[in-house]
Every structure is written in C-alpha cells, then in structure tokens.
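This briefing goes through one protein model by topic. Please keep the sequence and the structure in view while reading.

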Amino acid sequence: MKKVISLALVFVFVLAFFGCAKKEAPTTTQTTTTTETTTEPVKVVNPLTGSEDYNEKAVGKRPVAIVVENLSPARPQWAIGSSDIIVEGEVEGGISRMLWLYADYTDVPEKVGPIRSARPSFIQFSELFDSIYVHWGGSHDNKGYKGGYTVIKEDKVDHIDGMKGGELYGRDETRKGKVSSEHRGIVKGNKLPSVIKEKGFRTNLDKSKFSSLEFNDEAQAPGDVTANTVRCQFSSKTDTRKFTYSEDGKKYHTQDWRKDVKFTNVIILKDETKYIHVPYKGHTTTYLNYQFTGGVGFWASQGKISRINWAIENGKLVLKDKQGNPLKINKGKSYIGLASANNEGVVSYE
C-alpha cells in the first residue's frame with residue numbers, strides 16, 4: 001500500500017515539474033498593411049476639340065449633330081462658328097450642306113440655323129460620333145434612291161424632326177420678307193436638353209460607337225509643306241471653300257459664309273461618290289451619296305499641310321498620318337470637308 005502511494009506521489013511530482021517547466025507560446029504581433037487605391041480623376045476635356053475648358057457634367061455624354069443650310073440666302077448662318085466641328089459636303093443639284101457637331105448638347109446657342117432636311121450621307125456621318133441627329137424634314141425613297149427618312153429608320157437613329165413641330169423649332173422674324181420661310185427655320189438651342197429628356201433618348205456616350213479624336217499636347221505643324229491658303233471644291237458641280245491662314249491666332253479663316261469663321265484644323269477627306277438621278281416635281285433631281293470607302297485626305301494646321309489616310313472601321317472614323325500611325329491633330333475647332341474622289345473634287349493649297 002505504501003508502495004502504491006509512493007508511485008502516485010512520484011507521478012504527481014513529475015507532472016508538476018514538467019507543467020511548471022512548460023514554456024508559454026510566444027506572443028505574435030500581427031501587422032496589418034492597408035493599401036490605398038487612388039481613382040484617377042476623369043479628364044474634363046472636350047472630345048471633339050481637345051480643349052480642357054469644358055463642362056464637367058458633359059463628360060461622357062452624347063453630342064448633337066445639327067443639319068444647317070448653305071445656300072446664299074441662308075448666309076450668314078445663325079451661330080456660324082459656334083460648333084466644335086463643321087462638316088460640309090455636297091447633297092444634291094450641286095449644292096452643299098453642313099453638319100454642326102456640338103459635344104455638349106446643353107451649350108448650343110439659343111438660335112441656330114437655318115435648319116434643313118436629312119440626307120443619307122449626313123445621317124451616316126453623324127452616326128460615327130454617336131450623335132443625336134437634329135433636322136427639319138428629310139428626303140424620301142425614289143426609284144433606286146434610299147431617302148434620309150429610310151436611313152434614320154433602318155439605323156434606328158435618335159433624331160428630332162422639325163416637321164413634327166415642338167418647342168425646339170421656330171422661324172426667324174428678322175429676315176421675314178427678305179428670304180423664303182425655308183431659309184428661316186431655326187433651332188432654339190436652350191430647349192435641346194428638355195426635348196432630349198422628353199423623348200427619352202440615351203444621353204450617355206457609347207464609346208463603341210464614338211470616333212475618338214487624338215490631340216497633340218502642344219500644337220504641331222503637319223509637316224514642312226506651306227499652306228497659307230487651302231481650297232476645297234467638293235465636286236465639279238459645287239462652289240469652292242477657301243481658307244486663309246493667319247499667324248495672328250494661328251487659325252485658318254474663311255469669309256465664305258459672310259462672316260469671319262476660324263478653325264485650328266482644316267481636314268479634307270476625299271471619298272468615292274455616287275450620283276442618283278430621280279424625278280421630282282416635274283424635273284430631275286440629282287442626289288449625291290458618299291460611299292465612305294476611305295482613302296486619301298489632307299490635314300492643314302499651323303500654316304502647313306500634309307497628306308493623311310482615313311477609313312471607316314467598325315463604324316468609326318479613323319485618321320492616320322502618312323506613316324500609318326494614328327493622326328494627332330491640334331487642339332481647337334475643326335472643319336471637315338468631304339471632296340469627291342471620282343467626280344472631280346479638287347483640293348489645292350499654296
């Protein structure tokens with residue numbers, strides 16, 4: 001009995017010894033590293049001019065494209081020179097027409113015009129910039145000719161038509177009695193935001209449908225070829241647009257619209273064109289459609305000019321320099337002229 005008790009005491013002693021000798025687990029200090037993620041600020045830049053003096057709320061929004069008349073009775077056009085880009089080309093009967101692109105649809109002048117009707121090529125060009133298309137009337141299908149209204153319907157273009165009336169449109173009264181009513185149709189730019197909202201149009205820009213222009217950080221001349229004067233005749237049937245460079249302000253000026261209008265960039269794109277002859281009100285009207293096949297063009301800026309190449313790729317306008325690199329133009333307003341490559345369109349400079 002004493003032997004059993006002795007063994008028990010030994011066992012207790014051993015447990016107590018090793019229990020006291022057991023080392024405590026080291027205390028581990030855990031360090032938490034916090035990584036801060038910084039969001040790069042959105043650049044407040046006008047996507048059509050590269051200008052940083054731009055409305056922050058307009059970033060990422062769709063532009064508007066407004067059809068403006070170019071006949072002599074329409075000149076000077078109301079708000080000529082106010083748009084970010086002017087596109088000009090032939091429409092029918094040897095007359096030209098313009099498309100004014102505004103990146104910020106909330107900043108269109110209160111009086112723009114005269115507004116004219118939709119033509120297929122101008123609708124298609126507006127689509128290259130995911131624009132909301134603003135017009136007054138449109139051409140109709142006629143014996144092999146696909147009219148503007150059909151293109152709008154087929155391409156599902158968001159458009160606002162003055163033929164349907166509304167608060168956006170009106171007639172100028174200052175020229176009443178001097179020119180006919182079709183030369184006095186105007187868009188009230190301050191009404192555009194509310195009309196666009198009322199129609200429920202998408203206002204956020206779809207970048208997959210927008211032709212992104214690239215700009216130089218600092219103004220650069222296109223090359224060494226002098227171009228103090230640039231002329232563009234859209235075809236053998238049309239008049240010629242003339243631009244003269246001025247070192248004072250480093251802009252190209254034209255007086256052709258009976259007002260001094262200036263541009264940082266003059267871009268001329270030569271394209272295949274097709275004439276379509278259709279009967280209209282007892283006579284024949286000859287419409288012109290651009291084929292948008294791409295080809296050679298010219299870029300003038302800073303008093304110099306260079307050949308460029310252009311194409312339509314995946315529904316977007318692509319501009320490239322002579323070496324095939326993406327073309328960077330200078331920051332500022334641009335004129336884009338559409339000259340016929342197969343119907344005697346002429347571009348000259350000196």
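The largest cavity holds about 40 Å³ of space. The model is predicted, and the structure has two cavities of 30 Å³ or more. Four helices and 22 strands are found in the protein chain.

**Lining of the largest cavity**

- Residues that line the largest cavity include Glu 90 and Val 91, the run Arg 119, Pro 120, Ser 121 and Phe 122, and also Tyr 145.
- Tyr 287, Leu 288 and Asn 289 are likewise among the lining residues.
- Two or more lining residues each come from β2 (85–92), α2 (120–127) and β16 (283–290).

- Of the 350 residues in the protein chain, 47% are buried.
- The accessible surface of the protein chain is about 18700 Å², and carbon and sulfur atoms account for 50% of this surface.
- Among contacts in the protein chain with a separation of 6 or more, 67% are between residues 24 or more positions apart.

**The five-strand sheet**

- Five strands form an open sheet in the order β13-β12-β11-β10-β22, and their pairing is antiparallel.
- The edges are taken by β13 (261–263) and β22 (346–349); each has a single partner strand, so one side of each has no neighbour in the sheet.
- On average, neighbouring strands of this sheet are turned by 25° against each other, with direction ignored.
- In general, strands of a sheet pair through backbone hydrogen bonds, and the pairing is either parallel or antiparallel.

**The β10–β11 pair**

- Strand β10 (residues 229–233) and strand β11 (residues 240–246) run antiparallel and are joined by five bridges.
- Val 230 has Phe 243 in β11 as its bridge partner.
- In the strand order of the sheet, β10 stands between β11 and β22.

**Tyr 133**

- Tyr 133 is part of strand β4, which covers residues 132–135.
- The relative accessibility of Tyr 133 is 0%, and buried means under 20%, so Tyr 133 counts as buried.
- His 159 is 26 residues from Tyr 133 in sequence, while their C-alpha atoms are 4.5 Å apart in space.

Notes:
Residues numbered from 1 in each chain as written. Predicted model: local features only at pLDDT ≥ 70, side-chain atom pairs only at ≥ 80, totals over all residues. Heavy atoms only, no water. Pairing = 2+ DSSP bridges. Axes fitted to C-alpha atoms, helices over the stretch in contact; angles between N-to-C directions. Buried < 20%, exposed > 50% of the residue type's maximum accessible area, 1.4 Å probe, protein only. Contact = heavy atoms within 4.5 Å. Areas by Shrake-Rupley, 256 points an atom, 1.4 Å probe, with all protein chains shown as cover. 1 Å grid on protein atoms, 1.4 Å probe; cavity = no way out; pocket = protein on both sides within 12 Å on 5 of 7 lines; lining within 4 Å. Points joined across faces, edges and corners; volume = space filled by probe spheres on them.
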